[in-house]
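Take a short walk through this structure. Keep the sequence beside the model as you read.

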Amino acid sequence: MNENREKNPFKFWEELKRRRVIGVIIVYAAAAYVILELTSIIAEPFGLPEWTLKLVFILLCAGLIISIVLSWIYDITPQGVEKTKPSSVKDRMPGTRNASNIIGWKIATYISLLIIASLLVFNIIRGRDSKEYSDLEKTIAILPFDNLGPPGTNSVLEHALPIAIMMRLQDINVFKIRPWTSTKRYIETALSGPEIGRQLNVNYLVKGYIQQKDNEVIVDIMLVHAGEDEIIGKWTENLKTDDLIEVQNSISNNVSSALKYKFSPEKEAPTDNPDALYAYTTGMKYYWNEETESDFLQALKYLEKAVELDPDFVLAYAKLSSTSSWLYHFHFDRTEERLEEARRVLEKAKTINPESPDLKISEGIYYYVTHEYEKALEKLKQAGDLVYDKVELNVSLASLYRRQLKLDKALEYFTRALEQDPQNIITINELAETNLLLGNYEEAENYYNRKKLLGQESSMMLVNSVYLNMLREEGTTKSREALRDLIDNENGLNITLAHQLILLDIIDGMYSEAVVVLDDLDEDVFDHQFIYMPKSMYYAEIYRQSGDRERAAAYYDSSLVILKEKLTGSLDDSRLHSTLGIAYAGLGIKDEAVAEGLKGVDLMPLSKDYYRGIFREEDLARIYTMVGEYDLALEQLDRLLSMPGLMSVSLLKKDPVWKPLWDRHGFTELIKKHTDK
């Protein structure tokens with residue numbers, strides 16, 4: 001029987017237990033698990049490097065081997081550490097082991113197993129919580145990076161690197177990246193993560209800190225769960241100029257991994273030239289700003305540099321063409337050369353990649369600014385199924401529909417754009433303007449107030465809260481309050497604000513105050529896509545309304561000279577013909593006045609561009625009134641009040657331009673007709 005016992009296959013297992021090796025393994029495993037969990041928990045708060053957990057694991061594995069070897073060779077006894085003696089037959093016989101030792105090891109084993117089970121349950125629960133984060137819709141906002149350098153120092157990376165990361169992450173279809181036009185306002189913000197997350201309607205935020213040291217830039221990146229303001233991932237990158245693309249990809253990969261998603265962009269990177277990428281992202285900072293001439297010219301400069309550095313950079317060509325198109329559209333550079341440049345760049349890009357969706361958007365914009373709406377619509381719709389960032393697409397479609405008087409469609413697409421880009425000042429303004437055209441004054445006011453809350457109530461847009469109050473209020477009190485807010489925001493008066501202030505002063509009969517405003521103004525002309533008014537025309541209007549006909553005539557005559565000279569190079573500019581007609585009317589030259597007014601309407605009919613056309617229609621009504629064609633004026637005003645636009649009963653009753661009509665029966669009937677609507 002003893003011989004059979006010696007050949008028992010479980011003999012080695014019994015020996016392991018006798019030498020307490022099994023107990024050591026169990027206790028060691030439990031302790032190691034606790035150490036690994038603690039290391040994982042404290043690594044991030046204490047800023048430990050990523051390899052810390054791997055090193056601890058390797059050390060613990062080595063320690064386990066050493067513990068097993070030592071527990072086999074040595075034993076702990078009441079007399080101290082002794083070399084383990086070979087087992088005797090008696091020791092191996094059942095029932096001969098010390099009962100207290102057996103009970104002790106069983107208790108230790110049970111406790112160790114309980115600890116391991118508890119930690120496993122905890123880890124599973126925590127893993128589920130983490131998984132809940134990664135399972136959320138992947139809506140992400142990349143915020144402007146904070147510059148930790150000395151006060152007053154700037155780094156192009158504050159904007160360029162976030163835009164570069166945005167470009168790469170938006171090429172992954174599962175991610176929904178908020179555009180720069182929304183996130184740029186959060187530079188050095190004091191708002192908390194949950195507040196920013198609510199405003200942008202995102203689940204995740206990417207934050208960054210930049211420190212420049214000589215030729216090296218240290219970038220610290222954090223991925224934050226916006227709702228809980230909890231850091232999900234944290235990385236540090238050392239960046240040099242020629243590392244931008246590598247760092248862009250590295251950060252994008254880390255963000256993707258933290259969200260349990262493999263970094264696999266649907267499209268290739270638009271350029272492999274880091275300097276070209278720097279130039280492009282800097283240019284886009286200006287392109288996405290506030291649609292001013294200086295912004296577009298700055299964008300033009302950097303985008304031209306981008307295609308110079310990388311002649312195959314199709315995305316840069318697309319935005320370069322759009323920049324030229326917008327310069328032409330807004331009358332910042334209304335020359336055939338500028339339009340030809342937009343077309344030339346498009347043709348160049350089409351030789352590289354004619355199927356680029358971004359290029360199709362730029363083609364659509366080109367056809368939009370040249371009033372070829374059917375072609376524009378075709379190109380924009382082709383891009384719709386392919387392009388990831390649909391904000392510019394939807395804004396372009398909305399603007400196109402507004403020019404065609406399809407205002408419900410315009411509201412639909414502007415609203416889509418705002419859902420994708422919740423803090424976009426331009427889109428908010430466009431929604432306010434479209435509602436204003438429709439006479440939805442309360443809705444328009446809501447958008448203007450939203451714009452004001454964002455701290456960017458720009459005066460660059462012609463139609464704003466001042467006009468809103470002029471159209472709906474009997475007096476000028478609220479308009480003046482809105483204007484004061486704009487002046488405070490702009491830190492002074494500019495030509496746009498002066499245009500509005502002079503109009504209010506004329507309405508209120510404050511003629512000397514209006515003259516003072518003009519005297520202090522440096523600009524010589526109000527040049528906007530809807531209006532062209534030399535400074536002399538403002539003087540002429542003020543003196544005409546104040547009854548000083550002699551001075552008014554002198555300024556109207558000066559305006560004629562300016563306008564005729566301007567027309568020599570811009571014969572198809574409807575704004576110039578309308579303003580020239582008003583100048584002729586001020587001088588009492590009736591036939592020429594009416595002819596120029598009609599020419600303005602003919603060049604910009606409502607069917608060609610509804611939004612611009614209503615300005616020409618109103619100018620014609622004004623000319624008819626000034627030359628005594630009252631029936632034609634009332635007819636024209638009836639037409640304007642019967643369709644969406646910037647004319648209202650309130651404005652007609654208080655603007656002295658229409659004073660010659662006020663006592664006429666037809667005017668009373670007109671007011672009654674449109675008041676009862």
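This is a predicted model: local features need pLDDT of at least 70, side-chain atom pairs count only at pLDDT 80 or more; totals for chains, interfaces and linings use all residues.

Helices (H or I, at least four residues) and strands (E, at least two) are DSSP runs, numbered from the N terminus. Residues are numbered from 1 along each chain as its sequence is written.

Begin with strand E6, residues 204-213. Strands pair if DSSP finds at least two bridges between them. E6 pairs with strand E3 (residues 139-142) in the parallel sense, over 3 bridges. There, Ile142 stands opposite Val206 of E6. Strand E4 (residues 146-147) also runs parallel to E6, joined by 2 bridges. Asp146 stands opposite Tyr209 in E6. Strand E7 (residues 216-225) runs antiparallel to E6, with 10 bridges. Val206 has Leu223 as its bridge partner in E7.

Now step to the loop between helix H9 (193-200) and E6, where Asn201 lies. Asn201 is not a glycine, yet its phi is positive, about 55°. Asn201 is exposed, at 54% relative accessibility. (Buried means under 20% relative accessible area, exposed over 50%, partly exposed in between, with a 1.4 Å probe and protein chains only.)

Leu405 sits in another stretch, the loop between helix H17 (391-403) and helix H18 (407-420). Its phi is positive too, near 65°, in a residue other than glycine. Leu405 is partly exposed, at 36% relative accessible area.

Finish at helix H24 (residues 511-519), which holds Asp519. Asp519 is partly exposed, with a relative accessible area of 48%.

Key: Side-chain values use heavy atoms; hydrogens and water are left out.
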